[in-house]
Amino acid sequence: MASVPSISDASGASQQSALSQVLRSPPVAIALAVLAASVIMAVFAPWLNTIDPVQIDPTQRLKPPSAEHWLGTDAYGRDVYSRVIYGSRVSLVVGVSVAVFSIAAGLVIGVIAGYFRWADAIIMRVMDGLMAIPGVLLAIALVSLSGASLTTVIVAITIPEIPRVVRLVRGVVLSVRNEPYVEAAISLGTSPLAVMIRHLVPNTVAPLIVQGTYIFASAILTEAILSFLGAGVPPEISSWGNIMAEGRSFFQLIPGLVLYPGAVLSLLVLSVNVLGDALRDSLDPRMSRRL
Amino acid sequence: MTANTNVHEDDTGRPVLAVEGLTVRVRAPGGRAVVEGVSFDVRAGETVCVVGESGSGKSVTSLATMGLLPRDSLVVEAGSIRVDGEDVVRATPARLRQLRGAKMAMVFQEPMTALNPVQKVGRQVAEVLRLHTRLGAAERRRRVLEMLESVHLPDVERIYESYPHQLSGGQRQRIVIAMALILRPRLLIADEPTTALDVSTQKQILMLIRELQAKQGTAVVFITHDFGVVADIADRIVVMNQGKVVETGMRQAILQNPSDAYTRMLVSSVPSLVPHQRPAPDGDAVLDVQALGKVYRRGGWLERAPEVAAAQDVTFRLRRGEIVGIVGESGSGKSTVARCVVRLIDPSSGNVCLQGEDIAAAGRAQLARLRRRIQIVFQDPYRSLNPRRRVGESIIEGLLNYGMPREQALRKAAHTLQLVGMPADAMQRYPHQFSGGQRQRICIARALVMEPDVLVADEAVSALDVSVQAQVLDLLEQVRRRVGIGVLFITHDLRVAAQICDTILVMQRGRVVESGTAAQVLAHPREPYTRSLIEAAPGRHWDFQHFRPVAQDAAA
């Protein structure tokens with residue numbers, strides 16, 4: 001009919017080649033390298049010339065970088081380099097966990113909200129309420145209620161992230177559920193659950209992957225903020241936020257205590273955001289129609 | 001060469017539009033040619049219809065003329081397009097901006113997306129004047145009102161201050177035409193401008209374009225796939241197929257005596273408005289619809305908004321082996337009826353009985369059982385199949401729902417695919433690997449594999465090219481004969497209804513206005529609405545299948 005022939009149809013081959021083209025661009029390649037380096041840091045921490053990050057050595061307090069302590073020592077004589085390396089574990093674990101759980105929860109709630117009219121109003125008002133509460137405050141409240149631990153921190157960061165995922169999923173479901181192929185499935189006797197899993201959820205995968213990377217970055221940052229404020233992981237666990245919090249008092253003396261973990265944190269968050277943008281750009285044009 | 005008395009020869013006797021050897025390629029290494037070696041010209045006051053099926057390159061040619069090709073995917077590789085002697089392919093963007101609106105203008109298919117939804121329409125038409133002339137605001141307004149009157153819009157002061165969503169489709173298209181013609185361009189390109197409109201509105205718009213063309217001496221390029229429209233308005237015809245011009249000639253020559261085989265095939269695929277003679281169906285009733293109604297109530301729980309009856313008091317019976325057609329314009333309620341019958345929408349009143357059992361009032365368990373007896377095929381073949389699942393999976397989904405073992409379901413699906421003329425290995429492929437016509441066959445197979453008593457076809461051929469449409473209609477006819485299924489066929493196209501329906505119901509604004517056998521309704525309509533529908537059908541005096549005017553005794 002009267003439309004320009006679609007040059008880019010959604011065949012797997014053209015999609016992959018666009019993705020690999022995007023992945024080869026310099027900013028994205030650097031971002032991938034940084035992310036890979038963080039993962040290596042976290043996984044191989046004991047073998048990267050680190051010592052026990054919680055080992056105190058009062059004789060070596062607040063020393064500048066040296067051959068023995070590559071990034072110097074903190075107020076308790078702990079090796080900053082080792083703490084930063086081990087800190088990546090907390091950040092990555094929190095980031096991945098929050099991303100996975102918030103997407104899983106958001107997917108289920110969002111599909112139900114999008115598919116069942118009666119559930120939609122109730123669920124979305126609850127989500128609106130959740131979104132109205134500042135995330136960090138909610139996290140602080142939850143942590144102060146149940147005490148500081150890694151699990152609590154993960155739950156506390158996950159909950160404020162869920163409403164955005166629900167909105168995203170609900171939007172996709174609303175737009176897809178009126179497609180003829182979904183109506184065809186219904187008229188073939190497919191149960192609502194099967195319709196949701198077979199026909200609706202696959203459409204959410206691409207936007208959720210993109211959203212997942214953003215949640216990952218945001219969670220890492222939020223965990224650092226919480227730890228900085230003293231409402232995050234307990235002080236015996238090395239977290240970049242913890243290190244920065246303790247280093248704050250000595251900033252004039254040894255700025256590295258704040259700057260080194262801060263730099264690594266910023267670099268990781270920036271890289272994940274760049275990756276998310278690249279993924280979104282490579283997946284989105286395939287969604288929208290040309291002309 | 002031209003016998004049309006409307007043609008105005010300009011001083012140099014050259015055509016307003018001269019396309020020569022135009023080749024447009026996909027902008028990628030080894031990109032294929034979307035348009036190849038296309039040449040034709042158009043003179044002042046003449047209407048040239050460019051016809052072709054999807055993928056023929058007709059829209060790309062017109063976009064290339066306006067300089068509107070999507071820059072990052074298509075590029076003009078060779079040839080020239082001269083508008084009044086000036087080559088627009090080699091024009092600078094600034095020069096193209098000067099030309100557009102003033103020398104050449106375009107009208108698109110979808111009037112809603114051609115107008116800015118957040119600006120009043122008067123202002124949008126005035127924008128053309130603002131960009132190309134130095135008139136003051138008052139003078140611009142006066143000219144716009146004058147133009148709105150010449151496109152026969154009622155109450156022009158009110159329309160000037162309206163937003164696009166406050167106007168009907170036909171009114172919006174008139175606004176778009178006003179915008180296109182206000183500067184009296186030499187060339188007007190109309191790309192399927194009436195395809196999205198009702199048949200009666202279409203007739204008015206075509207007459208309007210004709211009238212303005214006669215007044216201003218514009219050269220009109222009319223792109224369409226509808227041969228009825230071509231028969232009514234063309235002076236000359238250019239037939240395109242897969243990017244090449246297959247044949248050009250005067251209207252009479254092409255319609256009466258086409259020399260190319262493709263053109264012959266294309267013209268003869270257009271169904272006739274005269275219904276076939278067929279024996280009256282006499283099987284037992286498989287579908288019995290009584291007083292079906294669907295009412296929509298706007299507003300929430302607190303507000304008592306007026307009700308809209310999308311369908312009201314619809315009654316008909318479908319026998320085994322019969323094809324009942326429901327014909328109507330958009331908003332007539334025919335799609336609502338189809339969806340209520342299949343219980344995709346819950347009817348507000350009435351019964352829909354499938355061999356005694358009422359699907360409209362069925363509870364969940366009964367509904368699950370009844371659903372397999374009535375299946376539906378939708379209009380858009382490109383959205384009717386889940387793009388992420390293989391065709392075989394889509395076809396057997398229904399069978400698996402009812403507990404058939406997978407092996408058996410796959411065998412049945414393969415058998416049904418052959419019934420609809422598709423190879424069995426199609427089951428392993430994905431929908432995007434098939435054309436529109438093939439996808440529609442797959443959808444029909446998906447419906448038939450359930451062995452239903454009733455098949456509902458909701459505008460199932462409306463989105464298909466005319467030659468593919470002919471094949472799918474043939475297929476339905478074959479299936480009907482072999483399987484003895486009853487078909488409820490929803491369409492807005494009287495020709496299609498004439499070709500395959502035994503009984504026709506005409507709907508207007510939710511009510512059945514007339515019903516009877518196809519021969520009765522189409523050849524001897526009783527109701528004025530039916531008569532106006534038939535009279536508005538484009539090209540109704542031409543018998544395409546036999547390349548001659550309709551024989552007098554069969555004319556309405």
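**Figure 1. Confidence in chain A of the predicted model.** The mean pLDDT of chain A is 85, and 89% of its residues reach 70 or more; pLDDT is the predictor's confidence in each residue, from 0 to 100. Over residues 1-13 of chain A the pLDDT is below 50, and this stretch has 28 contacts in the model beyond near neighbours in sequence. Two residues are in contact if their C-beta atoms, placed from the backbone, lie within 7 Å. Residues 287-291 of chain A also have pLDDT under 50, with six contacts beyond four places in sequence. Where pLDDT is low, the predicted coordinates should not be read in detail. This is a predicted model, in which local features need pLDDT of at least 70 and side-chain atom pairs count only at pLDDT 80 or more, whereas totals for chains, interfaces and linings use all residues. Residues are numbered from 1 along each chain as its sequence is written, and chains are lettered from A and ligands numbered from 1 in the order in which they are written.

**Figure 2. The helices of chain A.** Chain A has eleven helices and zero strands. Helices (H or I, at least four residues) and strands (E, at least two) are DSSP runs, numbered from the N terminus. Of the 291 residues in chain A, 40% are buried, a residue being buried if 20 or more other C-beta atoms, placed from the backbone, lie within 10 Å of its own. Among contacts in chain A with a separation of 6 or more, 70% are between residues 24 or more positions apart.

**Figure 3. The contact between chain A and chain B.** Chain A contributes 24 residues to the contact, and chain B contributes 35 residues. Helix α7 (residues 180-187) of chain A supplies seven residues, the largest share of the side of chain A that touches chain B. By class, this side of chain A has 14 nonpolar, six polar and four charged residues. Here Ala, Val, Leu, Ile, Met, Phe, Trp, Tyr, Cys and Pro count as nonpolar, Asp, Glu, Lys and Arg as charged, and the others, Gly among them, as polar.

**Figure 4. Chain B as a whole.** Chain B contains 20 helices and 22 strands. Its C-alpha atoms fill a box of roughly 75 × 55 × 50 Å, taken along the principal axes. Buried residues account for 48% of the 556 residues in chain B.

**Figure 5. An open sheet of chain B.** Six strands of chain B form an open sheet in the order β6-β7-β8-β3-β9-β10, with mixed pairing; two strands pair if DSSP finds at least two bridges between them. The edge strands are β6 (104-107) and β10 of chain B, each of which pairs on one side only. β6(B) runs parallel to strand β7 (residues 187-191) of chain B, joined by four bridges, and B:Ala105 has B:Leu188 in β7(B) as its bridge partner. Helix α1 (residues 58-66) of chain B lies across β3 (47-51), β6, β7, β8 (219-224) and β9 of chain B, running at about 145° to β7(B). Axes are lines fitted to C-alpha atoms, for helices over the stretch in contact, and angles run from 0 to 180 degrees between N-to-C directions.

**Figure 6. The hairpin of β9(B) and β10(B).** Strand β9 (residues 236-241) and strand β10 (residues 244-250) of chain B run antiparallel and are joined by six bridges. B:Val239 stands opposite B:Glu247 in β10(B). The hairpin has two residues between the strands, and B:Gln242 takes a positive phi near 50°.

Definitions and conventions: A residue is buried if 20 or more other C-beta atoms lie within 10 Å of its own, exposed if 12 or fewer, and partly exposed in between; C-beta atoms are placed from the backbone.
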